Amino acid sequence: MFSLDDDHRELQAVAREVARDLVAPHAARVDAEGVFPRESVAGLVRAGLHAVGLPEAYGGQGADLLGAAVVAEEIARVCTTTQQVVGGNELFAWPLLLGGSEELRRRYLPRIASGEWLGAFALSEPEAGSDVAAMTTRARRDGDHYVLKGTKRWITNAGEAAVYVVFAVTDPDAGARGISAFVLEATDDGIELGGLERKMGLKGSPTREVGLRDVRIPADRLVGEEGQGLRLALGTLDRTRCIVAAQAVGLAQGALDVAVDHARQRRQFGQRIGDFQGLAFLLADMEVKVRAARLLTYAAAEEAERGGPDLSAAGAAAKCFASDTAMAVTIDAVQVLGGAGYTADLPVERMMRDAKITQIYEGTNQIQRVVIARALLRDR
């Protein structure tokens, strides 16, 4: 079994307590009413768990990627919506950490670290999801400014975020090498928000289109240099996929917790239902999958932290396996609970709905398999 060191175990214990006391009580209402998890996010901000991966130099906790994964797992164990919302902070931060100027980092990251601002990451478009290089959003240089025009879709935290990292084409003739990254502020003129998406799960996590209607921003909000956008986007996803994997592990663990508790207490034919071999083996298989997913996730986090040559494939493998596990385990948890599992009185039906998106966002699991296969087949 992978062994966390003392610092990671302490962080895990704190995150588990905060999630139980400050996040879990709001989870059912957030889902049922489709409301932003304001109380839960505020609780995480007070505890300093809303963006643990931001470096201390910018006011963050300075946790490594394994620490961020451990925290994500504990939050998602009780409320995946809340974890998804605060996960937007690190999606915003990573492009700046990978390629942004020191001035740009100091302008924005401390306000994310303090909890004053919430971040977002705007990459996908209506016709550019898995095929990121097909984006049509344009950024045109105009003196000391850039003017952005286009539409971004499936943007988490849109409408709640104060700042966005937005990817746009600056050189249409350069293909994937013509994409650049910019910081937009929610108050910039020309940003138009679409209506909230009506989603299967993560109902309290706002997802909207973001229209850019000739949004004019200072040129110093370019992240890195022109043409570096795709590298920054993929570099970010290489790191945050282990966080999505941790989210999926936490979701699966939460469903398993409920299923095991039910199997211990529910009695039929004079005995606990967990004592029937059919259910006992089902629970055992669920446990095996969760343990395996957790090990893959922790290993991917360590590989990404090192910046090793295998970080893309490691993150893809962890995200793919963990999200498939979350889907399988939540479905089985509903089965263990029977008719009760199909109702909103217990959390497993919510967990099952939430699990599906983990197989889709930050690269579908089909794309993850492409990444893994390319790593296997490339010339050594």
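User: Is E287 buried, exposed or partly exposed?
Analyst: E287 is partly exposed, at 28% relative accessibility. The cut-offs: buried is under 20% relative accessible area, exposed is over 50%, and partly exposed lies in between (1.4 Å probe, protein chains only). The model is predicted, so local features need pLDDT of at least 70 and side-chain atom pairs count only at pLDDT 80 or more, while totals for chains, interfaces and linings use all residues. Residues are numbered from 1 along each chain as its sequence is written, and side-chain values use heavy atoms, with hydrogens and water left out.

User: Which side chain does E287 meet in a salt bridge?
Analyst: That of R291, at 2.6 Å from N to O. A salt bridge here is a side-chain nitrogen of Lys or Arg within 4 Å of a carboxyl oxygen of Asp or Glu. R291 is partly exposed, with a relative accessible area of 42%.

User: Where do E287 and R291 lie?
Analyst: Both are in helix α7, residues 277-306. They sit four residues apart, about one turn of the helix. Helices are DSSP runs of H or I with at least four residues, strands are E runs of at least two, and both are numbered from the N terminus.

User: How many salt bridges does the structure hold?
Analyst: It holds 26. One of them joins the side chains of E74 and R16, at 2.9 Å from N to O. E74 lies in α3 (residues 65-76) and R16 in α1 (residues 6-33), so this pair ties together parts 58 residues apart in sequence.

User: And E74, buried or exposed?
Analyst: E74 is buried, with a relative accessible area of 1%. R16 is partly exposed, at 39%.

User: Which residues are linked with R16 and E74 in a network of salt bridges?
Analyst: R77 and D257 are linked with them.

User: What about E160, which residue does it form a salt bridge with?
Analyst: With R38; their closest N and O atoms are 3.0 Å apart. E160 is in the loop between β3 (145-156) and β4 (163-169), and R38 is in α2 (residues 38-47), so the pair ties together parts 122 residues apart in sequence. E160 is partly exposed at 29% relative accessibility. R38 is partly exposed too, at 47%.

User: New topic, helix packing. At what angle do the axes of α4 and α5 cross?
Analyst: At roughly 160°, and the axes come within 10 Å. Those are helices of residues 80-99 and 102-113. Axes are lines fitted to C-alpha atoms, for helices over the stretch in contact, and angles run from 0 to 180 degrees between N-to-C directions.

User: Which residues make the contact?
Analyst: α4 brings N89, F92, A93, L96 and L97, and α5 brings L104, R105, Y108, L109 and I112. Contact means heavy atoms within 4.5 Å. Eight of these residues are nonpolar, one is polar and one is charged. Nonpolar covers Ala, Val, Leu, Ile, Met, Phe, Trp, Tyr, Cys and Pro; charged covers Asp, Glu, Lys and Arg; the others, Gly among them, are polar.

User: How do α3 and α7 pack?
Analyst: At an angle of about 145°, with axes 8 Å apart. L65, L66, A69, V70 and E73 of α3 meet R294, Y298, A301, E302, A304 and E305 of α7. That contact divides into seven nonpolar, no polar and four charged residues.

User: Last one. Where is A326 found?
Analyst: In helix α8, residues 311-337. A326 is buried, at 0% relative accessibility. Leaving out residues up to four places away in sequence, A326 touches A248, L251, A252, A355 and T358.
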